[in-house]
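Visitor: Could you walk me through how to read a few features of a protein model? I'd like the general idea, then the case at hand.

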Amino acid sequence: MSETGDQAFRATSNNERWAEMTYGGALSFLRRRMTRELAGVDVVVSGVPYDASVTYRPGCRLGPRAIRAASVQLAELKAFPFGFDPFETLSVVDWGDCMVDPHHPETVTPDIVDHARKIIATGAKMLTLGGDHYTSYPLLKAHAEKYGPVALLQVDAHCDTWPDDPTRLDHGSMFGRAAAEGIIDVAKSTQLGLRTYNDSDHGFEILTAPWVHRNGIDAAVKVIAERAGNTPLYISFDIDGLDPAFAPGTGTPVPGGLSSWQGLELIRALGPLNLIGMDVVEVSPPYDHAEITALAAAHIAHDWLCLLAAKAGAKPHAVGRL
């Protein structure tokens, strides 16, 4: 047998893919080449292993590592249900992790903004693995520098628009700040899966989890699309948007959320929209069981990449009734 494996650092092309032992080898997201050479790259995957902004259980600083590990089987076969290898069309690399120093909290926001700014400046899109949900705020700041105020799709159990001040690092208030600063256009933004209370909707369209359960994913996607139009759309997927039955490994679980299939069907339906970036956050491995939370996060992130591959020309090939 010829020598194979470890394509994360042995691959010489961003489009290569070869057989790996799923239980061995160097880990990167979907076994993508690990590099910081970004010429010609379509999408950069990077982690932000930071969780000093949580308000309950910590541990999601270990999320990027867990999501990468959970992605190994997704690198084995053509993508379901798309029926193509997204990396034949899309140049995707794993940049590694953004260096964040929790001992100097004043540096956290500017360091993440700078990290994202440099990647976006190359023309690549970003897929970010968190980390707690505060990290979405500096990521959005960097995206708004390029695209102007963006439409936000926030999948979450919580509104994250509770009282804020201009300096606090808090994963429960940063979207209120982003709205106040004009980083996101709330008139074109949607919060989905919410099942905690706030006295104000802050201008967002809120599709609560019970509403989604009663009305379905197709109805939710119609609302999201009508709100966003062709405005650049950033997706922030807090894994606690899923019910704890499907995502126990998170810091602030709330019963009554989306199932895994609902989360995946939602993402898969967003292909026609103007997708510019995504983060998947709040995976806390210490509270996970059998890696099911990390697996859900890896699949959600993978399917967003498949949407971009389809936009870039990959041809879906369905097998079976979909």
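Visitor: Does T161 count as buried or exposed?

Guide: Happy to start there, bearing in mind that this is a predicted model. The cut-off for buried is under 20% relative accessible area. T161 has 4% relative accessibility, so it counts as buried. This residue sits in the loop between strand 4 and helix 5 (174-180).

Visitor: Which residues is T161 in contact with, leaving aside its neighbours within four places in sequence?

Guide: Its partners are G172, S173, F175, G176, Q191, N198, H202 and F204.

Visitor: In what order do the strands of the sheet come?

Guide: The general idea first: strands of a sheet pair through backbone hydrogen bonds, either parallel or antiparallel. Here the pairing is parallel, and 8 strands make an open sheet ordered 2-1-3-8-7-4-5-6. Strand 2 (92-97) and strand 6 (205-207) are at the edges; each has a single partner strand, so one side of each lacks a neighbour in the sheet. From one strand to the next, the twist averages 15°. Strand 1 (residues 43-48) pairs with strand 2 over 5 bridges, and V44 is opposite V93 there.

Visitor: At what angle do helix 7 and helix 8 pack?

Guide: Helix 7 (residues 217-228) and helix 8 (residues 260-268) pack at about 40°, their axes 10 Å apart. Angles from 65 to 115 degrees would be roughly perpendicular and those under 35 roughly parallel, so helix 7 is oblique to helix 8. The crossing is right-handed. I217, V221 and I224 of helix 7 meet Q262, E265 and L266 of helix 8. By class, that contact has 4 nonpolar, 1 polar and 1 charged residues.

Technical notes:
Residues numbered from 1 in each chain as written. Predicted model: local features only at pLDDT ≥ 70, side-chain atom pairs only at ≥ 80, totals over all residues. Heavy atoms only, no water. Pairing = 2+ DSSP bridges. Helix = DSSP H or I, 4+ residues; strand = E, 2+ residues; numbered from the N terminus. Axes fitted to C-alpha atoms, helices over the stretch in contact; angles between N-to-C directions. Buried < 20%, exposed > 50% of the residue type's maximum accessible area, 1.4 Å probe, protein only. Contact = heavy atoms within 4.5 Å. Parallel < 35°, antiparallel > 145°, perpendicular 65-115°, else oblique. Left-handed = near helix turned anticlockwise from the far one by under 90°. Nonpolar A, V, L, I, M, F, W, Y, C, P; charged D, E, K, R; others polar.
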